[in-house]
Amino acid sequence: MMAVATSEHDAELMLRVREGDAQSFALLLAKHRGPVIHFLYRMIQNRAVAEELAQEVFLRVYRSRAGYEPTAKFTTWLFRIASHVALNYIRDGKHERNQESLDGESAEGIARQVASRAPTVEQEMVREVQLAEVRRTVELLPAKQRAAVLMHKYQEMDYAQIAAALECSESAVKSLLFRAYETLRAKLAHMAGRG
């Protein structure tokens, strides 16, 4: 059984990739492909496009291997590339609103199936509607705010990692997150009493 790679191990693997070790690249790809696709999906709202963009991200990682230096955590570097790819996609107007069906197979759908007590059909429908509304509201945030929220909440990255990924200061990240969470709180305030 392979041990879960630590961030130090990720950097070691990337250094091996820099030296031409294809197996190390395959290990990095296997470990990080899912989280990158999940991040891109939440940015773009289209599974097929997210998977294509993830290929672009890992292609850029591979092409950048010769210049890789482990100055930051590997995941910070990886999500900087993923952020650039997503923000470029959105900025370039390639972003079509062809979103997947809200009841489509997704990581959230799988996670919802693992519950300690089974909710009623009505409770599940209300929860689905609420999750869909939260997703839509996050999706409507400006792209940089959305990226910061997704990295903070779903990738559990700290301010320094997000700042490195978005190439801005930690205070700029705090400001982005503050504005994003204020917007979300205001737009989703009507949901506070439900549940």
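**View 1. Arg18 is partly exposed, with a relative accessible area of 27%.** Here "buried" is under 20% relative accessible area, "exposed" is over 50%, and "partly exposed" is in between, using a 1.4 Å probe and protein chains only. Next along is Glu19, which is exposed at 61%. The side chains of Arg18 and Glu19 meet in a salt bridge, 3.6 Å from N to O. That term is used for a side-chain nitrogen of Lys or Arg within 4 Å of a carboxyl oxygen of Asp or Glu. Glu69 joins in too: Arg18, Glu19 and Glu69 are linked in a network of salt bridges.

A quick note for every view: this is a predicted model, where local features need pLDDT of at least 70 and side-chain atom pairs count only at pLDDT 80 or more, while totals for chains, interfaces and linings use all residues. Residues are numbered from 1 along each chain as its sequence is written, and side-chain values use heavy atoms, with hydrogens and water left out.

**View 2. Asp10 and Lys31 join up through a salt bridge between their side chains, 3.2 Å from N to O.** Asp10 sits in helix α1 (residues 7-18) and Lys31 in helix α2, so the pair ties together parts that are 21 residues apart in sequence. Helices here are DSSP runs (H or I, at least four residues), numbered from the N terminus. Are the two partners buried or exposed? Asp10 counts as buried at 1% relative accessibility, while Lys31 counts as partly exposed at 31%. How many salt bridges does the structure hold? There are seven.

**View 3. Within helix α9, Arg185 forms a salt bridge with Glu182.** The closest N and O atoms are 2.8 Å apart. Arg185 and Glu182 are three residues apart in α9, which means about one helical turn separates them. An α-helix has 3.6 residues a turn, so residues three or four places apart point the same way. Glu182 is partly exposed, with a relative accessible area of 35%.

**View 4. Helices α8 (residues 159-166) and α9 (residues 170-187) pack at an angle of about 100°, their axes 8 Å apart.** That makes α8 roughly perpendicular to α9 (the label for angles of 65 to 115 degrees). The axes are lines fitted to C-alpha atoms over the stretch in contact, and angles run from 0 to 180 degrees between N-to-C directions. From α8 come Tyr159, Ala160, Ile162, Ala163 and Leu166, and they meet Glu170, Val173, Lys174, Leu176 and Leu177 of α9. Contact means heavy atoms within 4.5 Å. The residues of this contact divide into eight nonpolar, no polar and two charged.

**View 5. Helix α7 (residues 143-154) has 12 residues and a covered side to look at.** From its first C-alpha to its last, α7 reaches 16 Å, close to the 16 Å expected at 1.5 Å a residue. That expected span is 1.5 Å times one less than the number of residues. Which residues of α7 are buried? They are Gln145, Arg146, Ala147, Ala148, Val149, Leu150 and Met151. What covers them includes α2 (22-44), α4 (74-91), α6 (121-139), α8 and α9. After α7 comes Glu156, with a positive phi near 55°.

**View 6. Ala82 lies in helix α4 and is buried, with a relative accessible area of 0%.** Leaving aside neighbours within four places in sequence, Ala82 is in contact with Val36, Phe39, Leu40 and Val57. The C-alpha atoms of Ala82 and Ile37 are separated by 9.2 Å, with the two residues 45 apart along the chain.

Conventions
Helix = DSSP H or I, 4+ residues; strand = E, 2+ residues; numbered from the N terminus. Parallel < 35°, antiparallel > 145°, perpendicular 65-115°, else oblique. Nonpolar A, V, L, I, M, F, W, Y, C, P; charged D, E, K, R; others polar.
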